[in-house]
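Hi,

Here is the structure I promised to pass on to you. Have a look at it first, and then read on for what turned up.

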Amino acid sequence: MMKINRNSLHFKIILVIVSVLIVFILFFIEDLRLTKEAMERMEQAKVESAIQSNIPSIADAIYFGFEKPIEDIGNMLLAENSNILAILIKTSSGKKYLFKKGKNPFKEKMDNANYKTFYIEKDNKKLGEVEIVYKLILSRQHFNEYRKSAFMFAILIILSIIIAMRYLYKRIKSLNILAEKLRNFDLHNIKMIESPDNYYEVKHITHAVNKLLERINDYARNLKTVNKTLLRNKKRLMDAQRIAQMASWTYWPHTKQVEVSREFYRILEIDARIKNLSIKTILNSIHSDDRNFFINTLKASIDKGSRFDFIHKVVTSRGKIKYLHTEGRVRKFKDAPTEVMGVSMDVTEEIEAKLKAEHMAFHDPLTNLLNRRAFLEKIDFLTKLAKRHKQMLAVLFLDLDNFKFVNDSYGHSVGDELLIKVANILKESIRETDLIARIGGDEFVIVLTDVKDADSAEQIGKNILNLITRNFVIKHHSCTVTASLGIALYPNDATEPETLLQYADAAMYEAKKLGKNRYQFFNSSIRLRLNEHLQIIEEIKEALKTEDQIRLYFQPQIDLSTGKVRGAEVLTRWMHPKKGLIFPNSYIPVIESSSLMAEYDRYVLKMSFKQLYKWSKEKRVKWTLGINLSAQQFNDKSLVDNLKELLKQYPIDPSLIELEITETLQMEDVETSIRMLHEIKNLGFKVSIDDFGTGYSSLSYLKRLPFDVIKIDREFIKDMHQDSEDIIIVKLMIQIAKTLEKEVVAEGPDMEEHIKILEALSCDYAQGYYYSKAIEAKEFEAYAESKK
């Protein structure tokens, strides 16, 4: 028996196999246990779900005093479910209904049977109980079959491992025998080694060893000759390696001879069979743009005996342009240059990457059009040029109509392809002297140079809209596209580039308001409205510097099972110093179109944390606060860090904060957004989906978004008392939430009928005018106290 060394491959393989086998057995045992539990839970849930789903019907029958529906339901459950052995329905009035198969298991307890009691309630009143006795039949049968199959599979795996171990032992034993022969090999008496066995790998290694022995014998005879050559070239090779380990070359100025390494042939794509390259051939390979610079630099270095270091282009034998970084030194003897040693490194990828990065800094990566940064630089130059020559410019701001629908319906790849096609159409529709850029998602800007008058700009705008308005077929999807166009003129409307862009943008939004698929010139009414918006933005900026203008209001959320206040949704009002109380719909749309929205949201977040912290300290209560996240705030990468800072400043229980995202919230990057929601959840916050049911991506996002609460939109609540279809829709939403083990808040109930329906549908919470409008903190505290 061969002794096994702990550091040997044999020992390591055996150790790994044994470890894998142990892990497999442990996993196998745990898998059997978990599989059995899972099967039993599934069958148990199925039986109990069948009972639970019929309890409302039993409650109605008991409530109205009907006995036949109770008997029908009991017999139906007993007949349709083979697991159920007996059902006992007891009412609060003392009546009992017994349904059984065979013996009565309620008198004598049965082995291996499960007993379960369900309470019958209606309008928070207990009407009776349902007791059932059932056995888990199918799960045990399926588990026994699964266990047999699993044992057979495990036996096969173990047998395979044993066979593999035996096979490996034999192969490694042969290698050890071969190693022993090599250890005892006599270099003074070279003989061929015989293979220890007939396996291909061992014979192959033995053959390679014998070939090596033959070559050693040959090399020994030539060693003296080779050694002399190595000594002569040793110093030259060492110098070349210090300079670079790529394409090295040596040039002798007096003889005009040059010697290059094999790498030099590869870089210039020259046939390696061509020997003794001439200096003329090498100089001709240098790009014509850099040839004179290369020759002059090399000549100056030879004259001075100095080093050289520069980047230049070459043209390979196949016509490909490459960038080389060439550096070297001149060797001198008695102040006379004797040879030039250098190295040329291929830096094509690095240079091209740098050029590409520079290009990307000024171009949109998708359409290859200018980006916003480059556009503002170019238009600045064009306005100065137009001023000098007293010319008119036209800035056309174009935005695709309903582009978000294309992205959400067909995917971002279709949306990207559509943007590329639109960009190509725009490039073909303008002159070479004009300017075009993509400055946003589906926003394009065109600058028409040397425009004669507004009519010519109008004609070009019409032409562009006509070219874009068509049906595109992309990846088998049909996309009908229209666009809205805003036009601003230089110098008629403005002289500053950014102002021109802003005015064209405002005109475009006016075109959208007027029905889309049209153009609109900037005019005085748009200017007035824009100035009003700018004034609102400036006033909001000032308001955010204090804590008495932007005020928090709280609309209570009621627990329908207890009637107590669960918490509130945070809303805002603007107490203007001159105009008084202003509601959000008057100013939120204005600041949403600016970068101020993020600052506004941060203010609301901070004030909400502050108020919750105050309540937790002073009132010792645990009210939840629902805080809306806008699209800007949600797409802000600093959101998670901001939440962490607020938790440090106001150490509250984060589970009391529900961050609400609307179902139709535009996520720029879905995967990044989902990761961000997980980060928020990991901090302890809850996430709720607001306005549920109003979007077109509900079910696809439900299974991916890590949310805790669903808020049903008020559109489905307001007409429930007179529209049965709304009741069905709300019931389905609640059932989906319950199935996913999520909480449900109904928004907008404003009458008692709404509340009764929601209670009957097992909705968790309600938030609406039936209970209270949005109120300030003090009023909310008093209201919550009154509901205790």
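Which residue forms a salt bridge with Lys 68, and how far apart are the closest N and O atoms? The partner is Asp 72, and the gap between those atoms is 3.0 Å. Before you go further, keep in mind that this is a predicted model.

Where do these two sit? Both belong to helix H2, which covers residues 68–80, and they are four residues apart, so about one helical turn separates them. Lys 68 counts as exposed because its relative accessible area is 55%, and exposed means over 50%. Asp 72 comes out at 38%, so it is partly exposed.

Now try another helix. In H14 (residues 524–543) you'll find Lys 541 and Glu 538, three residues apart, again about one turn of the helix. Their side chains meet in a salt bridge, at 3.6 Å from N to O. Lys 541 is partly exposed at 36% relative accessible area, and Glu 538 is partly exposed too, at 44%.

Are they buried or exposed? Lys 711 is buried, with a relative accessibility of 0%, and Glu 660 is buried as well, also at 0%.

Some salt bridges share partners, and in this way Lys 90, Lys 126, Glu 129 and Glu 131 are joined into one network. Across the whole structure, the search finds 30 salt bridges.

One more thing to look at is a pocket. H1 gives the largest share, with six residues. By type, the lining of this second largest pocket divides into twelve nonpolar, six polar and ten charged residues.

Cheers

Definitions and conventions. Residues numbered from 1 in each chain as written. Predicted model: local features only at pLDDT ≥ 70, side-chain atom pairs only at ≥ 80, totals over all residues. Heavy atoms only, no water. Salt bridge = Lys/Arg side-chain N within 4 Å of Asp/Glu carboxyl O. Helix = DSSP H or I, 4+ residues; strand = E, 2+ residues; numbered from the N terminus. Buried < 20%, exposed > 50% of the residue type's maximum accessible area, 1.4 Å probe, protein only. Nonpolar A, V, L, I, M, F, W, Y, C, P; charged D, E, K, R; others polar.
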